[in-house]
Amino acid sequence: MKRNRKKTFAYRPSDQVVSRKAITSIILGAVGIIGYYFLILRSVELEGNADVMLGAAGWLLMIFGAVGMYLAVQSFHETAAVMKWKIIGCISNGAILIFSVFLLILGVIR
């Protein structure tokens, strides 16, 4: 790492910097995937007769997915950060959003 004239650190792409936005999006993606797993298990236990709290938790997980996707896309602007973490964040949060929309459409149809 070299210091430039403004006394801030300048990173080279070889420095393997991990973006905070990318890591936050991965964490939100993991929370969403694990959360949906437990919501589905609970819904199966209740034989589809879940209460409002499970629905609210589903909406909350969809919001986590949307915020995570926003952060993942914003992390692509950080040029020195490692690319694989950005891609993992996009894939995990994209899967959450697709699954959330699928459940929303399924709920409207029924």
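This is a chat about a predicted model of one protein chain.

Biologist: What should I know before I start?

Modeller: The model is predicted, so local features need pLDDT of at least 70, side-chain atom pairs count only at pLDDT 80 or more, and totals for chains, interfaces and linings use all residues. Residues are numbered from 1 along each chain as its sequence is written, and side-chain values use heavy atoms, with hydrogens and water left out.

Biologist: How many helices and strands does the chain have?

Modeller: Three helices and two strands. The order from the N terminus is β-β-α-α-α. Helices (H or I, at least four residues) and strands (E, at least two) are DSSP runs, numbered from the N terminus.

Biologist: What share of the residues is buried?

Modeller: Buried residues make up 26% of the 110 in the chain. Buried means under 20% relative accessible area, exposed means over 50%, and partly exposed is in between (1.4 Å probe, protein chains only).

Biologist: And what share of the contacts joins residues 24 or more positions apart?

Modeller: Of the contacts with a separation of 6 or more, 68%. A contact means heavy atoms within 4.5 Å.

Biologist: New topic. Which residues make up the largest nonpolar core?

Modeller: Five residues: Tyr 36, Leu 39, Leu 54, Leu 61 and Ile 96. H1 and H2 each give two or more residues to this core. A nonpolar core is a set of buried Ala, Val, Leu, Ile, Met, Phe, Trp, Tyr and Cys residues joined through side-chain atoms within 4.5 Å.

Biologist: Take Leu 61. Where does it lie?

Modeller: Leu 61 lies in helix H2. Its relative accessible area is 7%, so Leu 61 is buried.

Biologist: What is Leu 61 in contact with?

Modeller: Leave aside neighbours within four places in sequence. Then Leu 61 is in contact with Val 31, Gly 32, Gly 35, Tyr 36, Leu 39 and Ile 96. Gly 35 is 26 residues away along the chain, yet the C-alpha atoms of Leu 61 and Gly 35 are separated by 7.1 Å.

Biologist: And which residues does Leu 54 touch?

Modeller: Leu 39, Arg 42, Ser 43 and Leu 46, not counting residues up to four places away in sequence.

Biologist: Pockets next. How much space lies in the largest pocket?

Modeller: About 670 Å³. The search uses a 1 Å grid over the protein atoms alone: a pocket is an open set of points where a 1.4 Å probe fits, with protein on both sides within 12 Å along at least five of seven lines. Grid points are joined across faces, edges and corners, and the volume is the space filled by probe spheres set on the points.

Biologist: Which elements give two or more residues to the lining?

Modeller: Helix H1 (20-45), helix H2 (52-75) and helix H3 (83-109).

Biologist: How does the lining divide into nonpolar, polar and charged?

Modeller: Eleven nonpolar, six polar and two charged. Ala, Val, Leu, Ile, Met, Phe, Trp, Tyr, Cys and Pro count as nonpolar, Asp, Glu, Lys and Arg as charged, and the others, Gly among them, as polar.

Biologist: How many aromatic pairs are there?

Modeller: Three in the whole structure. One of them joins Tyr 37 and Phe 38: the ring centres are 5.5 Å apart and the planes are at 70 degrees, so the pair is edge-to-face. Rings of Phe, Tyr and Trp (its six-membered ring) pair if their centres lie within 6.5 Å; planes under 30 degrees apart count as stacked, over 60 as edge-to-face and the rest as tilted.

Biologist: Why is the pair of Phe 99 and Phe 102 called tilted?

Modeller: Because the planes of the rings are at 35 degrees, with the centres 6.4 Å apart. Both residues lie in helix H3, three residues apart, about one turn of the helix. Tyr 36, Phe 99 and Phe 102 form one aromatic cluster.

Biologist: Last one. Is Ser 25 buried or exposed?

Modeller: Ser 25 counts as buried, at 0% relative accessibility. Ser 25 is found in helix H1. Not counting residues up to four places away in sequence, Ser 25 touches Gly 68, Leu 71, Ala 72, Gly 89, Ser 92 and Asn 93.

How values were computed:
1 Å grid on protein atoms, 1.4 Å probe; cavity = no way out; pocket = protein on both sides within 12 Å on 5 of 7 lines; lining within 4 Å.
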